[in-house]
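Let's take a look around one residue and then at the open spaces of this protein. Have the sequence and the 3D view ready.

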Amino acid sequence: MSKWYQGEGNNSDVVLFSRVRLARNLANSPFPSRMSADIRKSVCKKIYATVKSSPLANEFDLINLNELSNAESASYAEKQLISKEFLRLKDKASFMLSKEGDVSIMLCEEDHIKINAFSAGQDLFTAYNKANALDDIFISAFKLAYSDRLGFLTASPMNLGTGLKVSFALHLPALARQKAIYRLSAMVSKLGLTLRELYRNGAGDIYILSNGVTLGITEKNAMDNLTAICDQLVKQERAAREELKKDVEFEDRIYRTLGIMKTARKLERGEFLEYVSLLRLGSALGYLDVDYKTIGEMMHTLQDASIISGSNAEIDGLECAKIRAQKVREILK
């Protein structure tokens, strides 16, 4: 069975995935930053028990970070299932993960409950429905921290109101080549949105478009607004790609990249992300017969922590690069 990140959705040539995050807190418990160890343990148990006694009981497993290696824990952060901040709580951190790997619930991270749900392509509403099914369970089971004036109360004032963070992961190599990202980031910020790099220094030309306003707006309005701006960015990226198609040197670079990936004996993370970006662009432009399922698998499973955690022994950076190259060759053969 294919994983969610191997699938295709609306506008998959530009939009890798959609993500919905919901932050919720129990009314009669302090925020996690003010919790004692005993209270944290008690709250986590309540949340876990609520899910396990619900109709979704068989869909989730509990994962304790203190039972994992550092690389195993980091691999979940690489996949966006937990936050980097959550890793710092390793000795007392646990989260729930769906069997399909498309929904996670961080327990007592910044907030008591942090639901993360994903779907392939530009499809916020599918991701939202997954998160909302869990939200309904928690609303029925607990008295949540809520104000008639402010909405859902959260540890960060940035999430007050809906407690909803919605995002699209956009592949924007053509716009990045035109050096248009800074201009677009400034433009969307005026609309209450953010556009930021997914990976440091813009590796892979993947950017996260997210809402910044959660107060005084409905969940539907937040998703509609983000979707409308996403539509505009998709159009601009496609127009920029049409210009790239006129560049024979760029077409040659894409084909050469495929040759490198099929034959390389080591691939560092940075060059791997650059090559996968070009591979994905080449597929979208019709140059290469490599599907999004294959590309999604590589991007999701071949980052450093995921490779190290899947190894039976401690490995260094060079060995990691060699394993990555080997796996890429096997996938593209």
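Start with Ser-167: leaving out residues up to four places away in sequence, Ser-167 touches Phe-17, Ser-18, Arg-19, Leu-124, Ile-208, Leu-209, Ser-210 and Leu-226, where contact means heavy atoms within 4.5 Å. Keep in mind that this is a predicted model, where local features need pLDDT of at least 70, side-chain atom pairs count only at pLDDT 80 or more, and totals for chains, interfaces and linings use all residues. Numbering runs from 1 along each chain as its sequence is written, and side-chain values use heavy atoms, with hydrogens and water left out.

Ser-167 counts as buried because its relative accessibility is 3% (buried means under 20% relative accessible area, with a 1.4 Å probe and protein chains only). Its side chain also makes a polar contact with the side chain of Ser-210, at 2.8 Å (a pair of N or O atoms within 3.5 Å, one able to donate a hydrogen and the other to accept it; residues adjacent in sequence count only if both atoms are side-chain atoms).

Now for the pockets. A pocket is an open set of points on a 1 Å grid over the protein atoms alone, where a 1.4 Å probe fits, with protein on both sides within 12 Å along at least five of seven lines; lining residues have an atom within 4 Å of a point.

| Pocket | Volume |
|---|---|
| Largest pocket | About 970 Å³ |
| Second largest pocket | About 270 Å³ |

Each volume is the space filled by probe spheres set on the points, which are joined across faces, edges and corners.

The largest pocket has 35 lining residues, and Arg-21, Gln-80, Lys-84, Glu-85 and Arg-196 lie nearest its centre.

Definitions and conventions
Buried < 20%, exposed > 50% of the residue type's maximum accessible area, 1.4 Å probe, protein only.
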